[in-house]
Amino acid sequence: MFLSNSSLVELQCRCTCVYLVFVVVSSELFLWNVAVNIVTNNYDVRHPIFLQAQKELKTNLTIIPKAMAERVTTKEALKKLDAQLECSLCLDTFKQPKLLPCFHVFCKSPCLEKLVTKDGRSLTCPTCRHIVPLSERGVAGLQSDFHIDHLFDIQDAFNKAEDNNDTNCGSCDDGRATGYCNDCGDFLCDKCQAAHKIVKYLRNHKLISLDELKAQVTSLVPPKKAVPHCPKHSGNDLKIYCDTCSTLICMDCTIRIHKDHNYDLVADVLTKHKEELVSSLKLVKEKLDSVQRALKDFDTRAKAIHDQRAAIEANIHNEIDEQHRLLDQRRTELMVELEMLTQQKLKDLAAERDQVEITQVKLTSCLEYAEGGLKTGTDSEVLEMKSSVIKRVEHFSTEFESNAIQPETKADMELITEGKEPLQQAYRNFLQIDHSGSFGLENSHTTGNGLKGATTGETKTVSFQAMTKNSNGKLDLKAELVHIKSKDKSKCEVVIVRKHGQHKINYRPMKRGKHELHITVNGDAVRGSPFPIAVAPSPQSFIKPSRVVRGVNSPRGTVSNNKGQLVVVVGNGATVSVLTPEGEKIQTFGKLSNAFGVTVDKDDNIYVVDCNNHRVKKFSSGGGFVKAVGSHGSSNLHFNTPFGICYNRTDNNLYVSDQCNNRIQVLSTDLTFIRCFGIRGIGNGQLQNPLYAAFDSANNLYVTDHGNNRVQVFTAGGQFLRTFSQKANGQKLSHPWAIAIDSSDTVYVSENEPHHMSVFTSQGAYITTFGGPGTKEGQFNTIYGLSIDRNDSVVVSDQGNKRLQIF
């Protein structure tokens with residue numbers, strides 16, 4: 001096959017290099033024969049360079065004895081040959097095989113054409129990921145693999161050798177073939193073989209018998225191809241090699257196209273290229289030896305890792321089983337304690353019930369006696385009965401108070417989970433797997449209350465314990481606290497408690513919100529770093545507001561939009577106003593009836609709960625009316641005095657507090673119904689006049705359960721998580737109203753009867769209470785709305801004082 005515009009010799013050298021390298025890797029007879037026969041049948045094997053190459057190959061291979069090689073049948077060899085002619089992508093016989101620069105061969109179509117990038121400029125080798133640039137011709141411009149062509153020739157010779165009895169002469173097409181010309185690659189009859197010996201041009205061709213051909217193809221020797229002809233000058237052989245262009249040319253080509261180039265006969269330059277080829281193979285072999293040794297090291301290392309894994313896995317199971325045993329033991333203790341407490345309470349309750357049942361008997365007997373006397377007694381008997389019955393009734397009135405007959409024993413058992421978080425943190429650090437990082441720590445632990453969170457201006461401490469492989473190893477421990485939103489950094493003080501091991505890290509955040517605590521040793525992050533730190537505002541932050549927006553007409557629900565503007569329901573719920581962060585009015589819109597809740601979506605569309613009209617209204621970011629849904633009722637998209645509304649950025653839905661239906665309705669932003677949850681009651685997950693709701697960073701929904709004096713927490717899907725109401729000194733929330741949650745997941749709840757605000761962690765732990773009735777800054781008169789602005793400050797709708805206070 002002729003390859004235009006490419007160097008056949010260069011291709012031959014490359015492919016020979018590939019297969020010689022392949023021979024070094026494999027000791028199979030088939031691969032050895034392929035590589036050796038390519039060299040010996042296409043080049044001058046008498047040249048000392050190739051004799052040296054063959055010698056080097058033989059010293060690095062276990063050569064199969066000739067007797068063994070002869071036992072390889074034509075069928076077996078053909079089977080191995082078929083495997084070599086199979087494309088590794090389509091798993092079918094090569095079709096127009098193309099050679100990539102990385103020496104991997106694939107079909108032109110469809111295999112390689114499917115790998116071309118959209119711009120058609122390159123493709124990636126599926127075997128080694130080498131990026132192959134393409135010319136304007138695309139895949140068609142890639143080189144063809146001459147060796148694959150040789151293998152196809154061998155396969156064709158196989159088939160012809162097997163079917164020689166039915167093979168016609170390839171020269172005259174009349175006679176039956178009796179021999180084969182290696183030079184022409186044709187089967188010949190007796191007459192044509194005789195003509196070969198007479199014609200001067202053909203007399204040097206090598207003629208062999210069909211038996212010799214069978215032996216030859218069984219040894220995987222390709223039939224010798226004729227010298228290719230020049231595509232530019234018909235009939236001229238390509239016997240000259242142009243060193244300037246690295247291509248084969250004919251004699252006519254030297255006259256015009258390659259006139260001033262360096263060129264020589266192929267036979268003369270072939271020796272030089274063979275020498276370069278054999279010399280390059282030495283480097284390939286050396287690198288191949290290194291690669292093979294490295295692969296053995298990889299196998300050894302992989303086995304060591306698997307062994308370590310098995311040992312550590314066994315230890316993990318043992319340690320965890322031990323913890324399970326301890327936890328099971330604690331479970332048993334708690335169950336025994338619970339059972340004893342339950343039985344005691346049931347016993348006490350049964351005793352109380354006995355007393356009430358005795359009371360029931362006394363009352364019943366008195367009633368039955370009196371009623372029976374009235375029915376059957378004579379007038380005189382009734383009069384005589386009256387005084388004793390009245391005395392008995394008076395006795396009952398003093399003996400049995402209404403609260404005296406109520407059960408005193410309460411169902412007030414509760415599982416106290418305080419202290420669970422430190423245990424959970426301990427378990428997170430329990431049985432950590434060390435991989436001996438670049439700073440050489442065999443084990444390290446980061447613990448302390450400082451990992452749970454902090455408040456502004458408060459110094460918190462984190463303990464870092466490390467043990468190095470080398471007792472003299474230096475630990476360059478560094479730490480910094482970074483505010484996630486602003487990227488502001490707070491300095492951290494590192495204190496060495498014990499040399500080569502225990503350290504304390506003190507930090508004092510000055511901004512509220514989410515932070516990350518970065519801890520590094522010798523420049524490498526320690527296990528778990530960066531640690532998330534939620535910084536809540538300190539109680540001192542609420543003594544006085546940072547600013548006050550006055551002259552707001554009876555503000556109610558409020559929300560901060562994506563531009564940082566304040567959207568407020570005003571005028572006792574009649575309209576909506578948009579204000580600048582400083583409080584300047586931008587616009588007022590809407591016609592509402594006693595509205596309270598307001599929220600915005602990611603596109604700044606505004607949603608308002610029109611309370612008295614039992615519906616939800618949607619306005620564009622510019623205040624234009626878009627849509628309204630709802631009417632009075634209890635079905636889907638029907639409301640009964642809805643109050644609050646909040647937007648969930650995670651699922652892009654709206655959550656409406658359907659107050660008098662004691663439920664939360666979930667709507668899409670186009671105001672279609674999705675789902676609802678909640679029923680009236682006092683149990684967990686049950687509601688009694690829910691007013692407002694807000695989401696934390698974990699996508700949990702916090703609802704002010706107004707009638708039950710508590711806050712309940714649900715998943716976005718409506719699953720109950722927890723409830724809280726407890727404050728300091730035994731006090732509890734009193735009719736909670738509005739709610740807001742900042743970026744540190746600090747929860748703010750307004751209480752209108754005492755006109756103050758209570759602050760909790762996301763887990764319901766009480767932080768502080770601020771405010772109180774009054775007109776001074778920091779005091780309130782009915783808090784109807786809460787929100788968090790873009791600075792993570794709390795915006796309070798001080799309705800009675802007609803102002804917004806920002807803390």
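I looked up an open sheet of three strands and found the order β10-β9-β11 with antiparallel pairing, where strands are DSSP runs of E of at least two residues and helices runs of H or I of at least four, numbered from the N terminus, and two strands pair if DSSP finds at least two bridges between them. The model is predicted, so I note that local features need pLDDT of at least 70 and side-chain atom pairs count only at pLDDT 80 or more, while totals for chains, interfaces and linings use all residues. Residues are numbered from 1 along each chain as its sequence is written, and side-chain values use heavy atoms, leaving out hydrogens and water.

Strands β10 (247-249) and β11 (263-265) stand at the edges with a single partner each, so one side of each has no neighbour in the sheet. Three bridges join β9 (residues 240-242) to β11, and Ile-240 stands opposite Leu-265 in β11. I then found helix α11 (residues 266-376) packed on the sheet, touching β9, β10 and β11, with contact meaning heavy atoms within 4.5 Å.

Last, I searched for disulfides (cysteine sulfur atoms within 2.5 Å) and found zero in the whole structure. The sulfur of Cys-172 is 3.7 Å from its closest cysteine sulfur, in Cys-169, which is too far for a bond.

Terms used: Axes fitted to C-alpha atoms, helices over the stretch in contact; angles between N-to-C directions.
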